[in-house]
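Good morning, everyone, and thank you for coming. Please look at the sequence and the structure on the screen while I take you through a few details.

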Amino acid sequence: MFFSKKLKKFNNVNHCFFSKNGGVSHGIYNSLNCGLGSNDKKKNVLKNLDIVSKKIGLHSKDLFTMNQTHSNKVVVINNSNRHTQRVNSDALITKQKNIAISVLTADCVPVLIYDEVNQIIASVHAGWKGALSGIIENTLNEIIKIGKNNKINVAIGPCINVNNYEVGNEFYNTFIQESKNNEKFFLFGKKNKFFFDLRRYVNSKVEKFEPNYVENIDFDTFSENENFFSFRKSKQMGNKDYGRCISVISLIND
């Protein structure tokens, strides 16, 4: 379990970037796999989600997960959809108390956000596709639309490190087409290979909004496989599937 020092200071916020430890799954999903989209036994995933809910101080029926598709779609949880536990989006926003919103990752960037003035929280799944197509901007713009005089605190969680994120020429060109300035997020490797700094790219998107506070919980999901699931590591090892870590934030009655 990993925490933001800043978010820990707020009495009305619970949050956690969960590791892959402390669950009931086995094999390549060992142990706290929270991915309902994985091929793990569903009963084990549901048990893991129940463990997470209890750790965050809520019932599992109040834990919202996303069916993530690397999109830029943001959904606001309110009274009308409060009982829809699994949402088709890559970001969730809410002002509702005593529910938890979450993000699943296995190399991508989990982002947890709290606007302390307007009591708004958000969870964001920022892979390269979502980050490129505007998931960060869409989320923060929605928060700004909901409340005025925002004081936004952002915690950017564990993700794949630049040294382990090798990409090809086509990937590089996709980012350069968006902006020549994106060159700074790449290290040059051998034979038209590059290394992409996903964390730095996500940070650059966040920083454009001049938030009150940004904190990076800087662990590498690829190399620290005793603590994190990693899509790339699983692929390297020849596994047919992989587990997902969960990151959660909730507003509680203070």
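Predicted model: local features only at pLDDT ≥ 70, side-chain atom pairs only at ≥ 80, totals over all residues.

Which residues form one aromatic cluster? The cluster is made up of Trp128, Tyr165, Phe171, Tyr172, Phe175, Phe185, Phe186, Phe188, Phe194, Phe196 and Tyr201.

Residues are numbered from 1 along each chain as its sequence is written, and side-chain values use heavy atoms, with hydrogens and water left out.

The structure holds 23 aromatic pairs, where rings of Phe, Tyr and Trp (its six-membered ring) pair if their centres lie within 6.5 Å, and planes under 30 degrees apart count as stacked, over 60 as edge-to-face and the rest as tilted. In one of them, the ring centres of Trp128 and Phe175 are 5.9 Å apart and the planes stand at 50°, so this pair is tilted. It links distant parts of the chain, since Trp128 belongs to helix H3 (residues 128–133) and Phe175 to helix H5 (residues 169–178), 47 residues apart; helices here are DSSP runs of H or I with at least four residues, numbered from the N terminus.

Are these two residues buried or partly exposed? Trp128 is partly exposed, with a relative accessible area of 25%, whereas Phe175 is buried at 0%, where buried means under 20% relative accessible area, exposed over 50%, and partly exposed in between, using a 1.4 Å probe and protein chains only.

Terms used:
Helix = DSSP H or I, 4+ residues; strand = E, 2+ residues; numbered from the N terminus.
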